[in-house]
Amino acid sequence: MGLNALGIENGTFLLVGMIFLLLVTGQPLAWVTGLVALIFTFGWFGGNALPLVTSRIFGFITEYSLVAIPMFILMAALLDRSGIAKDLFNGMRILAGRLPGGVAVQTLIVAILMAAMSGVIGGEIVLLGILALPQMLRLGYDRSLSIGVVCAGGSLGTMMPPSIVLIIYGLVAGVSIADLFVAAITPAMLLLGCYIAYVLVRCLQNPDLGPPMSREEQAEESVASALKALIAPLFIVIAVLGSIYAGVASITEAAALGVSSVLVISLLRQELNFRMLQDSLVHTLETCGMIIWIGIAAAVLVGVYNLMGGNRFVSAAILGLDASPVVIILVMMAILIVLGMFLDWIGIALLTLPIFVPIVKELGYDPIWFGILFAVNMQVSYLTPPFGPAAFYLKSVAPPDITLKHIYTALLPFIALQLLVLGILLFYPPLAIWPVS
């Protein structure tokens, strides 16, 4: 007797239960979803279902939009290994260090500029953890505030174009990635503004939380040298985002233009060498390999589940809640937040979006608006325990006396700010889609 004898309702519970049970064993998400996909493919449809698997794999890996991902990852890897980000941080420190909490504020500004250069999150948090965290701790900044600024600022890459999250969403949802990039600017700046306002309010109320730099440190370097450090990052941002918004280049072409810009600048700065290029390429291959394997497994699993009738079952269950459309969207957001505590955002996107996006369209909502909500939600997932990858990224470079408990506690106010922005965007959609409406 095959698994199809269970019916779609029991089959859904069994499928979800198997995924979480296998994840507890510590196996990678790609292997877990792939194994469950194969079990349900042959268990539900029989031994002749192999073409179903191969067609789903072919359909995923031949998506042209995927070409942009390795380019943006390579650009981020090159930036991590060059001195561009370090000079940017040092230059901004000179400009902002005179204010209470100024170094924390400039860390957030550097974070948004780094996000606009690459759109990759993990390396950004590590880099800020190496550059900004020791600087703030040395200046006497509150430890929790410093930790929160680094992790929350580093996670802005989920929102700020050229975000990999938005590229994957556009690919899965079938919407314009360029429109997503345009729409994401305002929400990203809203998040940045909330972070900066929180830091300034706390530090102005209690300057001991973020003391300004001493006059001796302020006199070490000139404002002119600080402004000079901004030239290269701004050139890269304009090359990538400017070419997209001006209609000069597509997303994939802009990604290649970004890589070329970083290579030329690194060469002019005499930082480009074989070891740097080799390390960057290896990192790109490893990251892209992870994304592709998760994507392949998730594509097969979602395809099989849809053929089982799962999409109709979930759609009927959600639309049958006898609730207003806003409540249904809130339920989706709650599901994404819970999944974000345990799964990587790539897996969440590829497993849930093929089911959620058609429901969103049926409810009459703009899928670009929902994409912005999804990106903010995934930013929350970067900070929330027990998975919270931002905490593990920072822990890898933080001083030994900073534990994961310290990090997660420090992130709570910033999670609250993210949820506040998520609520604003949910109940006032024009804020997210006015540039493309």
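Reader: What distance does helix 21 reach from its first C-alpha to its last?

Author: A word on the model before the answer: it is predicted, so local features need pLDDT of at least 70 and side-chain atom pairs count only at pLDDT 80 or more, while totals for chains, interfaces and linings use all residues. Residues are numbered from 1 along each chain as its sequence is written, and side-chain values use heavy atoms, leaving out hydrogens and water. Helices here are DSSP runs of H or I with at least four residues, numbered from the N terminus, and the expected span is 1.5 Å times one less than the number of residues. Helix 21 covers residues 404-427, 24 residues in all, and its span is close to the expected value, reaching 34 Å.

Reader: Where in helix 21 does a kink lie?

Author: The bend at a residue is the angle between axes fitted to the seven residues ending there and the seven starting there. In helix 21 the kink is about 40 degrees, and it comes shortly before the proline Pro-413, at Leu-412.

Reader: Which helices are among those that cover the buried residues of helix 21?

Author: Buried means under 20% relative accessible area, exposed over 50% and partly exposed in between, with a 1.4 Å probe and protein chains only. The buried residues of helix 21 include Ile-407, Leu-411, Phe-414, Gln-418 and Leu-425. What covers the buried residues includes helix 8 (143-154), helix 10 (177-205), helix 17 (325-340), helix 19 (367-383), helix 20 (389-395) and helix 22 (430-433).

Reader: Which residues do ring pairs link into a cluster?

Author: Helix 21 comes back here, as Phe-414 is one of its buried residues. The cluster linked by ring pairs is made of Phe-414, Tyr-195 and Tyr-198.

Reader: What volume does the largest cavity have?

Author: On a 1 Å grid over the protein atoms alone, a cavity is a set of points where a 1.4 Å probe fits but cannot get out, and lining residues have an atom within 4 Å of a point. Grid points are joined across faces, edges and corners, and a volume is the space filled by probe spheres set on the points. Searching the whole structure gives one cavity of 30 Å³ or more. Among the residues that line the largest cavity are Trp-345, Tyr-382 and Phe-387, and its volume is about 40 Å³.

Reader: Which residues is Gly-210 in contact with, leaving aside its neighbours within four places in sequence?

Author: Gly-210 sits in the loop between helix 10 and helix 11 (215-218), and it is buried, with a relative accessible area of 0%. Contact means heavy atoms within 4.5 Å. With those neighbours left aside, Gly-210 is in contact with Leu-99, Pro-100, Gly-101, Tyr-141 and Cys-203.

Reader: Is Gln-270 buried or exposed?

Author: Gln-270 is placed in the loop between helix 14 (251-268) and helix 15. Its phi is near 60 degrees, a positive value in a residue other than glycine. With 74% relative accessibility, Gln-270 counts as exposed.

Technical notes:
Rings of Phe, Tyr and Trp (its six-membered ring) pair if their centres lie within 6.5 Å; planes under 30 degrees apart count as stacked, over 60 as edge-to-face and the rest as tilted. Helices (H or I, at least four residues) and strands (E, at least two) are DSSP runs, numbered from the N terminus. On a 1 Å grid over the protein atoms alone, a cavity is a set of points where a 1.4 Å probe fits but cannot get out, and a pocket is an open set with protein on both sides within 12 Å along at least five of seven lines; lining residues have an atom within 4 Å of a point.
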